[in-house]
Amino acid sequence: MAHAPQEEQPGTKGWIEYRLPVFSMLNDSLVTYPTPRNLNYFWNFGSIAGLCLVAQILTGIFLAMHYAANTGLAFDSVEHIMRDVNYGWLMRYMHAVGASMFFMVTYTHIFRGLYYGSYKRPRELLWFIGIIILLIMMATAFMGYVLPWGQMSFWGATVITSLFGAFPLVGDAVTTFLWGGFSVDDPTLNRFFALHFLLPFVLIGVVVIHLVALHQHGSNNPTGLDAKGPQDKIPFHPYYTTKDFFGFGVFFMIYAALVFFAPNYLGDPVNYMPADPMVTPAHIVPEWYFLPFYAMLRAITFDIPLWIVGLLVIGLSLKLRYPDVVRAMLGNSGILGAVASFLPKKAWGWSCLAPLLSVGFILVITGFAGAFIPSKLAGVLTMFGSILLLFALPWLDTSPVRSSNYRPIYKWLFWVLVVDAIVLGYCGSKPPEGIFPLVSLIGTGYYFAHFLVILPLLGKIEKTLPLPASIAAAVTKKA
Amino acid sequence: MSADHATTNAPDSAPRRDFLILTAQAMGAVGGAALVWPLIDSMNPSADVLAMASTEVDISAIAEGQEIKVVWRGKPVFIRHRTAKNIEEAKAVDVTTLRDPEPDSARVQKGKEQWLIMVGVCTHLGCIPLGGQAGDFGGWFCPCHGSAYDSSGRIRKGPAPKNLAIPPYTFTSDTKIKIG
């Protein structure tokens, strides 16, 4: 990226370049930038996500010129945009549908990373920054949804801000702080508008960091192999500029189809009723892109006694103290052998384990005295944990092979996880009765098991397929 | 003069430099915190929001068995004129079996047992429970996630962790109350 100052070239371009190396930077990152020669269409989604961010900021700024962040005016000002402002309907539908498109694209982008192992060394920080982008996106989308001040805006805001009340001791103070009052009201709407305006620009900054981290080692690719030489790479322009633009075209067709023919298809009609703090809608649901998380939030309907947590902690400390005993019990083959491989080679001393053990005993004693993690807090921790868990993924996945193309078992488990996410989303859209709470609980359990149990063990027992010698070899053999 | 320079620049003056750097950093941190706190505190409830924090209600028109909903701090407050049967049922419950154990006497004022005054916000995720003896316990039922409260507003079934909250209130006369 950084260039040592060179001799000043003649002409305007040379004059600017000598003072501000903008042309060489663009050239390095968009033209000559060496890119793996075998990227498939799943590698389009990063640039499309960037396009979505630009579309949201552009339409959002013009919407903000007509919107009024005041509980008495907000709903009417959105209707004013829809009916009176020139092309207001277009800007609002582009913005509302654009949010859904942004999430569709981003989720595909994330699942691409999961399938091809893009989170593995040396791209862990790239993956972390991606998760931070997802979290900021979610906060932005949530606050944006509150702005029209419809029934679902208001009650969605109430339910989500009330989540923070689940935390012991500080919970109530935190919710009062978030609200700026004693309920979701004018101060809440105002600050949500300010933050909804600010966060997309923060997002631009984080996206730039994401790109810097990406360009450090370059894109991963469908084989998951590191590039071994120039024969594995091609310049970004014209090869991937063309491919990206083709992707943009397909994206715009789907986006336009939704905006012009089904702008409210993904929305909830209840949000066309003005907010009423005295009447709760019969069935509160978030927008589709939050449904799997909403299902996890509601899946935990029972209190978790502390003694269970305490026993787990004590069990863990005993394993660290007597790894050889446990190892002998587990044997050294199959799944049990894989479990055993996580035991420490040397037994931990009592002095190291004392704090862990005391915590365990305190939990057991308080647990027997009746202390528990209330179901509400457990649900909140589960929901936030489902995303925070992704930060540990580069270390939970113990397989040295990146791409699922060479991982015969993981390849299927990946699709099971996709189905699990869809099932959770469906459960999240349903009222919590009948079989849905049970299905949500099983789906939530599987989601966590996938990352915490299956991935660490699978890396130890899965027999991966032989890897091609290089990217070039993989591509030319096929042809 | 030159001798002075020699001592201040000597290696053994490093502690002095460390001290200056540390105190400067500490002052910077204090200054930073002093700047950030007003910004954070500005998001807490403002003076006018706090000033609107009490509500007066005339309860003379509420017949026995009826219930009204009033607004206090932007939230609904349920005021129910309980029947003798309601009170009887609420008192008959074995307190130790409850998730949030509270006797009925702790939820009403002495001598005014017929008046149950509660914040009408489900302690689960903030929905408004339905009144009119809804649910299985002659009290309230939250349609969002299925919590049921009894005729004393105590949680009996469903995901809510706590009983419906009792706001601070006083009887200013036999027919008037002041909430907040």
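Author: Here's a walk through chain B, from its overall build down to its cysteines. Keep in mind that this is a predicted model.

Let's start with the secondary structure: chain B has 4 helices and 10 strands.

Now the overall dimensions. The radius of gyration of chain B is 29 Å, whereas a compact globule of 180 residues would come in near 16 Å. Along the principal axes, the C-alpha atoms take up a box of roughly 100 × 35 × 30 Å. As for contacts in chain B with a separation of 6 or more, 53% are between residues 24 or more positions apart.

On to burial and surface. Of the 180 residues in chain B, 37% are buried. The chain exposes about 9,700 Å², and 61% of that comes from carbon and sulfur atoms. Its charged side chains number 19 positive and 19 negative, with the centres of the two sets 4 Å apart.

Finally, the cysteines. How many disulfides does a search of the whole structure find? The count over all chains is 0. Take Cys142(B): its closest cysteine sulfur belongs to Cys122(B), and because the gap is 3.8 Å, the two are too far apart for a bond; the cut-off for a disulfide is 2.5 Å. Cys142(B) is also buried, at a relative accessible area of 2%. Over in chain A, Cys352(A) has 49% relative accessibility, so it counts as partly exposed.

Note on methods. Residues numbered from 1 in each chain as written. Chains lettered and ligands numbered in written order. Predicted model: local features only at pLDDT ≥ 70, side-chain atom pairs only at ≥ 80, totals over all residues. Heavy atoms only, no water. Helix = DSSP H or I, 4+ residues; strand = E, 2+ residues; numbered from the N terminus. Rg over C-alpha atoms; globule rule 2.2 N^0.38 Å. Buried < 20%, exposed > 50% of the residue type's maximum accessible area, 1.4 Å probe, protein only. Contact = heavy atoms within 4.5 Å. Areas by Shrake-Rupley, 256 points an atom, 1.4 Å probe, with all protein chains shown as cover. Lys, Arg positive; Asp, Glu negative; His and termini not counted. Charge placed at Lys NZ, Arg CZ, Asp CG, Glu CD.
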